[in-house]
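Thanks for making time this morning. Please bring the model up on the screen, and I will walk through it.

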Amino acid sequence: MLIFEQSRAGRHASAQTPETSSNALQIPEALARKTKLGLPEASELDVIRHYTRLSQKNFSIDTNFYPLGSCTMKYNPRVCNSLALNDGFLNAHPHTPDEHIQGTLSCMFHLQEILQEVTGMKAVSLTPMAGAQGEFSGIAMIKAYHDDRQDFERNEIIVPDAAHGTNPATAIMCGYKVVEIRTNRDGNINLHDLEPLLSEKTAGIMLTNPSTLGVFEPNIKEIANMVHEAGGLLYYDGANLNAILGKVRPGDMDFDVIHMNLHKTFSTPHGGGGPGSGAIGVGRRLVPYMPTPFVGKSEHGYHYVDEKQAPKSIGKLSAFAGNVGVNLRAYIYALLLGKQGMPRIAEFATLNANYLMKQLEKVGFELAFPKRRASHEFIVTLKKQAKDLNLTATDVAKRLLDYGMHAPTIYFPLLVAECMLIEPTETESKQTIDRFVEAMSDILKQAEKDIEVIKQAPHTAPNRRLDDAKAVKQPNLVWNPAQ
């Protein structure tokens, strides 16, 4: 039942309404509504029960195992939330003068320094509001660099076939032509395939390392040398930074710019369309072009650096200074980890992934890259089961809900048939991982006996299997009151 359907005229739940000054309610007559807003009227108890029931229907990392590959759905420590909600942080207006928010600016400056250290980059800006915006700013800086050098002929960005879909989209948005390079059967980029793609038109290459195939690119230094010798720059998609944190630094691989999904590696809130943070780090070539504002330090204290102090900057990406509250959570998380804790993230994430990969192989699942060690994630392909049993990745994903587990990422990367991209993260215990292996093994055995049980799953979820195509093409999202 919708909250609108529970509405009864005259009911209200005003006990939790925040206090407002009388001045805030003095709306100019020309701007005031002439009709009733049309919000539901319900008691506080009805509202609490309604939204509690809804929350119980949702699947979340707080309630169950969520091995969503490439998304790093790991636990968000509550202490990060509670400290970031300090009144001094929470109630500061974005237009507050720098001298009155020295505590907040100090935290942001130190987070920039921490991210510089763990990535090996020369400078960091926290301004990007999400990973996609960080990605966009990275390529925009590459374009600004070439344009500043009057190198206008460089109009191509090389993107692997295993890249995130946002990579080619970002390149096109920045005015570049996308040149695809294929990965080989081991998940690597062949140097002899790269060489003919490099020319005076090459602006750069976009890479994720480890890649979305779940493997580390062994030829990364050679690739970097080839791209730089051709006059191009290297962009690092930081989606998989969780796999190498404290172990390998993109700056040491000779990348020129990196975006970091703080909601993944640094455990800030994740999902639901936001909020996010896609902090970017740059090498020496791109420091002058960083998006503003970022935090600087002088003898007078901390201050925001704007376009007046950084005239070659690509400019602002949002109205203010990014999602400060999200960045605060990342800062607290980084302090909790410390230098000793940083590498443990990569160690446990990689250990969990490789253990899970081998256990699934033992119970009959085929690995997409059986000769490779996993990074923090790996790929299982169900192409044999799809052919022999009519068991698809979608079927397994739906059936896992009956076991109280979210499905891994399915059908991505697109170049692996019946793909399941699995990432257990470092926050899961061996017991949880073993339960997942048991569930996957059970599903495989059930499919061999009675495939229809799997085809009709989920059996226990609030909604049964939906028509995915219809849900996308004909969504019913509007409530209309009874006439």
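**Cavities, pockets and helix contacts**

The structure holds three cavities of 30 Å³ or more. Before the details, some ground rules. This is a predicted model, where local features need pLDDT of at least 70, side-chain atom pairs count only at pLDDT 80 or more, and totals for chains, interfaces and linings use all residues. Residues are numbered from 1 along each chain as its sequence is written, and side-chain values use heavy atoms, with hydrogens and water left out.

We work on a 1 Å grid over the protein atoms alone. A cavity is a set of points where a 1.4 Å probe fits but cannot get out. A pocket is an open set with protein on both sides within 12 Å along at least five of seven lines. Lining residues have an atom within 4 Å of a point. Grid points are joined across faces, edges and corners, and a volume is the space filled by probe spheres set on the points.

Start with the largest cavity. About 150 Å³ of space lies in it. Its lining has 16 residues, and Pro160, Ile189, Leu207, Thr208 and Ser211 lie nearest its centre. By class, that lining splits into nine nonpolar, six polar and one charged. For the classes, Ala, Val, Leu, Ile, Met, Phe, Trp, Tyr, Cys and Pro count as nonpolar, Asp, Glu, Lys and Arg as charged, and the others, Gly among them, as polar.

Next, the largest pocket. Its space is about 660 Å³. It is lined by 30 residues, with Pro94, Tyr304, Phe320, Ala321 and Val324 nearest its centre. Which elements each supply at least two residues of the lining? Helix H3 (87-90), strand S9 (301-305) and H9 do. The largest share, five residues, comes from H9. Helices (H or I, at least four residues) and strands (E, at least two) are DSSP runs, numbered from the N terminus. The lining of the largest pocket has 19 nonpolar, seven polar and four charged residues.

The second largest pocket has a volume of about 490 Å³. Among its 18 lining residues, Lys57, Leu401, Ala461, Pro462 and Asn463 are the closest to its centre.

On to helix packing. Axes are lines fitted to C-alpha atoms, for helices over the stretch in contact, and angles run from 0 to 180 degrees between N-to-C directions. Angles under 35 degrees count as roughly parallel, over 145 as roughly antiparallel, 65 to 115 as roughly perpendicular and the rest as oblique. A crossing is left-handed if the near helix is turned anticlockwise from the far one by less than a right angle, and right-handed if clockwise. Contact means heavy atoms within 4.5 Å.

H4 (residues 102-119) and H9 have axes that come within 9 Å and cross at roughly 50 degrees. The two are therefore oblique to each other. Their crossing is left-handed. From H4, the contact takes Thr104, Cys107, Met108, His110, Leu111, Ile114 and Val118. From H9 come Val324, Asn327, Leu328, Ala330, Tyr331, Ala334, Leu335 and Met342. The classes are twelve nonpolar, three polar and no charged. Val324 is also among the residues nearest the centre of the largest pocket.

H9 (residues 324-362) also meets H12 (residues 430-449): the axes come within 10 Å and cross at roughly 25 degrees. That makes H9 roughly parallel to H12. This crossing is right-handed. H9 brings Asn352, Tyr355, Leu356, Gln359 and Leu360. H12 brings Lys430, Ile433, Asp434, Phe436, Val437 and Met440. By class, that is seven nonpolar, two polar and two charged.

H12 has another partner, H11 (residues 393-400). Their axes come within 11 Å and cross at roughly 125 degrees. H11 and H12 are therefore oblique to each other, and the crossing is right-handed. Val396, Arg399 and Leu400 of H11 meet Phe436, Ala439, Met440, Ile443 and Gln446 of H12.

Last, some backbone details. Most residues other than glycine have a negative phi, and most peptide bonds are trans. The Thr292 to Pro293 bond is cis, with omega near 0 degrees. Pro293 sits in the loop between strand S7 (280-282) and strand S8 (294-298). The Ala457 to Pro458 bond is cis as well, with omega near 5 degrees. Pro458 is in the loop between helix H13 (451-455) and helix H14 (468-473). Asn390 is not a glycine, yet has a positive phi of about 60 degrees. Asn390 lies in the loop between helix H10 (383-388) and H11.
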